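Dear colleague,

Please find below the structure that I am handing over to you, together with its sequence. My findings follow directly after it.

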Amino acid sequence: MYNRARTTPNLPMAEREFKVSRVSKSDLSEARDVAVSTKARPRVLCVAPAWNEGERIARVVTAVPWDYVETMVVVDDGSADETADFAERAGATVIRAAGNRGVGAAIRSGIDFAIEHGYEIVVVVSGGGKTPPEQIPRLLEPILRGDAEFAQGSRYLRGGQFLRMPFRRRLGTRGYTFLFSLFCGHRVSDASSGFRAIKVSLFEDKRINLWQDWLDRYELEPYLLFKALRLRHRVVEVPVTIEYPETDGIAYTKMRAITDWWRIFRPILFLALGFKR
C-alpha cells in the first residue's frame, strides 16, 4: 500500500556542551563539529490530502524543504485524475484511498502513517498549493525550540499575508474565526487555516479522538484545534502566507456552500455544548 519514502539525512538541532582540558582551539572545534553531526532533529513527516489536484500536487511535493522534512506523504482521496501519479513522480510516498472519504479521513491516514512509522512531528499542507511548503521551517521553529506542541499557521498575524484570496473568502474566514474563538474560549486569529505542525505525542492524549466517523470530512481540522486549545496543550500561531492558486481550470476550494460550511462549523458547536467529545 505504501510506496518507498523519499528521505534525506537528519540535520542537527543544537550543539552539545563538552568539558575539556588542555585542548587546542582546533581540537575543540573538531569536537564541536562532531557533536553537531550526531545531534539529530526530530523526524518530520509532511502530509498533503489531495483530491483531483492534477499537476498542482507535483508543485507542492517539489517545494518541500527536504532538509527539514524526512518524508512527504500524499493521500490521494479517490481522485479521478492522475493526482497520485504526479505525486509519485515528484518523489512523494502515496497512500491511495479506495474512494473519496473526505479531507479529514485523508489527514487522519497521514497521521496514522506517522504514528506507525515512528515520526515525531507531522506537518499538514494543502494539496492544492494554498500553503506553500517553503514555509514549513517557520512552522516547525516553535516546536523545535520546545515552546509548542501545535503550531497553527495564520495569514492574519503580523508578518502573515494572503495572495489572490477572494473577497467573500476573506469575510468567511474572519467570521468563522470570530465564532471559533467565541465558542472555544480562546482567541485565535485564523481558525480556518489548513497549515499546521503537530507533535505526534499530542495524540497520546486519549481525550483527543480523531478516529471518529463524524470527523471524516471538514470536521477534523477544527475539532483538533478546538480540543488542543481547550485541553491546554501548548498551541501557538505562526504568521504564514496563504496563496490561492492562479486560475488553472481547478477550483480554488472543494468546499460546497451550506453543506460544507455546516461541517466546518458543527465541531465547535457540538464540542462547546458537550454533544461530542
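Asn-52 sits in the loop between β1 and α2, and its phi is positive, near 55 degrees, in a residue other than glycine. Most residues other than glycine have a negative phi. Please bear in mind throughout that this is a predicted model.

Arg-232 is another non-glycine residue with a positive phi, of about 60 degrees. Arg-232 belongs to the loop between α7 and β8 (235-239). Is Arg-232 buried or exposed? Its relative accessible area is 70%, and Arg-232 therefore counts as exposed, the threshold being over 50%.

Within strand β8 itself lies Glu-237, which is partly exposed at 24% relative accessibility. Leaving aside residues up to four places away in sequence, Glu-237 touches Gln-152, Ser-154, Leu-157, Val-188, Ser-189 and Asp-190. The C-alpha atoms of Glu-237 and Ala-191 are 9.7 Å apart in space, while the two residues are 46 residues apart in sequence.

As to the chain as a whole, the protein has eight helices and nine strands. Of its 277 residues, 48% are buried. Among contacts between residues at least 6 apart in sequence, 76% join residues at least 24 apart.

Helix α4 (residues 103-116) has 14 residues, which should span 20 Å at 1.5 Å a residue; the end C-alpha atoms are 20 Å apart, so the two values agree. α4 is mostly covered, with 10 of its 14 residues buried. After α4 comes Gly-118, with a positive phi near 80 degrees.

Helix α8 (residues 259-273) has 15 residues, and the distance from its first C-alpha to its last is 21 Å, close to the 21 Å expected at 1.5 Å a residue. Where does α8 bend? The bend is at Phe-265, by about 35 degrees, and a proline, Pro-267, follows within four residues. The buried residues of α8 are Asp-260, Ile-264, Arg-266, Pro-267, Ile-268, Leu-269, Phe-270 and Leu-271. They pack against α6 (167-184) and α7 (220-230). Just after α8, Gly-274 has a positive phi of about 80 degrees.

Finally, I turn to the second largest pocket, which has a volume of about 240 Å³. Its lining consists of 14 residues, and those nearest its centre are Arg-59, Val-60, Gly-128, Gly-129 and Glu-243. Which helix gives the most to this lining? Helix α2 (residues 56-62) does, with three residues. By class, the lining has seven charged, five nonpolar and two polar residues.

Yours sincerely

Methods
Residues are numbered from 1 along each chain as its sequence is written. This is a predicted model: local features need pLDDT of at least 70, side-chain atom pairs count only at pLDDT 80 or more; totals for chains, interfaces and linings use all residues. Side-chain values use heavy atoms; hydrogens and water are left out. Helices (H or I, at least four residues) and strands (E, at least two) are DSSP runs, numbered from the N terminus. The expected span of a helix is 1.5 Å times one less than its number of residues. The bend at a residue is the angle between axes fitted to the seven residues ending there and the seven starting there. Buried means under 20% relative accessible area, exposed over 50%, partly exposed in between (1.4 Å probe, protein chains only). Contact means heavy atoms within 4.5 Å. On a 1 Å grid over the protein atoms alone, a cavity is a set of points where a 1.4 Å probe fits but cannot get out, and a pocket is an open set with protein on both sides within 12 Å along at least five of seven lines; lining residues have an atom within 4 Å of a point. Grid points are joined across faces, edges and corners, and a volume is the space filled by probe spheres set on the points. Ala, Val, Leu, Ile, Met, Phe, Trp, Tyr, Cys and Pro count as nonpolar, Asp, Glu, Lys and Arg as charged, and the others, Gly among them, as polar.
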